[in-house]
Amino acid sequence: MKENMKKRLAVFLCILFVLPAIMAVLPQTAQEVQAAKGYIDWHGTTRGRKGILTVEQGASFYIGDFARYYNNGVYLGTASMFKASYSSSNGNVAAINSKGYVETRNIGKSNITIKYKGNTLNCILTVVEAGSFGTNEEFTKLAEAADVIAKNMPKAITAKNGFRILKIFNQYQDLSDNLSSVSDDGFIVEYYESTEKLVVPNASRYNKLYAQLERYAAKNSPISTKSSKKINITSIHATERQVTINLAKAISKDQILALKMNPSWYAKEKNLSSGNNKAYFFTLIVDQSNERHTYTGLVCMTKGSKKVTVTPCKANGKRTKMKKNKTYQIDDSLKWLKGKTFTVR
């Protein structure tokens, strides 16, 4: 379970802080150029540009949760987060409202069309007889967790509701990490092949919530230069056992929430146990005289504090000591420390 969580959360933080910057410099697709640098596509590689989706009769879900909108190569969220328009070619098979909520009625096929800012996305929706997918304990467990997400979907993530929402999200993700036959977004997964059978319709809400959390973190992260809430450093002091980074402004509740979306299992456990006031993440501490000599640094930020601490650790998380009179730099791939170095005193 821990290995699965490490991989999934590492991917999550990559998306939160790194992917937008990468996407911004990728070559534009023909569709993107034709649509004034904006485009929409289906979530998941198996569905491609033209979605092919099978559901059981009686299933209801938000199809816009599976459509992603990009502008200038930057992912902005699912179609269900914007004022997209929706239509169904066969309302007797699948009716759809202005919010993209599909209600399947009869067995058959319907072409679902999503439009937003001059971009069009199509999905061939096939409705099969209820019970065609069968049932098992994994379907039931994920359906129950998806219902919790659906009942708690926020209009927007805020510091007031965000910690509760993040807890619900983590509970859902922890469960999905242990399932072998159902993907995060409710599709049957058979080993390395993914079908387009939506067995847990309400799981579509996971995609929207994921995107909402992603946008919130990108905006509020104190360790991203693209964030509107980035921190300003006034000085750095270090002893053998701790680095102290002094800030011009105290850490806010929004910044703590953004940091709790973290890639490290160890740091995640500390984040969950620290309530809403502290957030942890890992970095590297690099010896400037010999870059092969590095430490793992456990960074701690506290709400309302102008001090950030970095504790040198071994790979197993146990604390260790840096060497006196040595100059170090905290690995700064996100540029939040602006290349500053410090000498241990």
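Lysine 338 is exposed, with a relative accessibility of 59%. The model described here is a predicted one. Lysine 338 is not a glycine, yet its phi is positive, near 55°. The residue sits in the loop that joins strand 18 (327–330) to strand 19 (341–343).

Lysine 117 also has a positive phi, about 50°, and is not a glycine either. Its place is the loop between strand 9 (108–116) and strand 10 (119–128). Lysine 117 counts as exposed because its relative accessibility is 59%, and the cut-off for exposed is over 50%.

## Overall build

The protein chain contains seven helices and 19 strands. It has 345 residues, and 48% of them count as buried.

Take the contacts in the protein chain with a separation of 6 or more: 60% of them join residues 24 or more positions apart.

## Helix 4 against helix 5

Helix 4 spans residues 162–177, and helix 5 spans residues 204–220. They pack with their axes 11 Å apart, at an angle of about 130°. The crossing of helix 4 and helix 5 is left-handed.

Which residues meet here? Helix 4 brings Ile165, Leu166, Phe169, Tyr172 and Gln173. Helix 5 brings Tyr206, Leu209, Tyr210 and Leu213.

Serine 227 lies in the loop between helix 5 and strand 13 (233–238). Is serine 227 buried or exposed? At 4% relative accessibility it counts as buried, since the cut-off for buried is under 20%.

Serine 227 and alanine 217 are ten residues apart along the chain, and their C-alpha atoms are separated by 8.4 Å. Setting aside residues up to four places away in sequence, serine 227 touches Ala218, Lys219, Asn220 and Ser221.

## Threonine 244 in strand 14

Threonine 244 belongs to strand 14 (residues 243–247). Its relative accessibility is 18%, so it counts as buried. The cut-off that decides this is under 20%.

With residues up to four places away in sequence left out, threonine 244 touches Ser235, Ile236 and His237, and also Lys307 and Val308.

## Lysine 324, between strands 17 and 18

Lysine 324 is placed in the loop between strand 17 (307–313) and strand 18. How far apart in space are lysine 324 and threonine 239? The C-alpha to C-alpha distance is 7.6 Å, while 85 residues separate them in sequence.

Lysine 324 touches Glu240, and it touches Val344 and Arg345 as well, again not counting residues up to four places away in sequence.

## Cysteines

The count of disulfides is zero. A pair of cysteine sulfur atoms would have to be within 2.5 Å to qualify.

Cysteine 300 is buried, with a relative accessible area of 10%. Cysteine 313 is buried too, with a relative accessible area of 5%. Both calls follow because the values, 10% for cysteine 300 and 5% for cysteine 313, fall under the 20% cut-off.

Technical notes
Residues numbered from 1 in each chain as written. Predicted model: local features only at pLDDT ≥ 70, side-chain atom pairs only at ≥ 80, totals over all residues. Heavy atoms only, no water. Buried < 20%, exposed > 50% of the residue type's maximum accessible area, 1.4 Å probe, protein only. Helix = DSSP H or I, 4+ residues; strand = E, 2+ residues; numbered from the N terminus. Contact = heavy atoms within 4.5 Å. Axes fitted to C-alpha atoms, helices over the stretch in contact; angles between N-to-C directions. Left-handed = near helix turned anticlockwise from the far one by under 90°.
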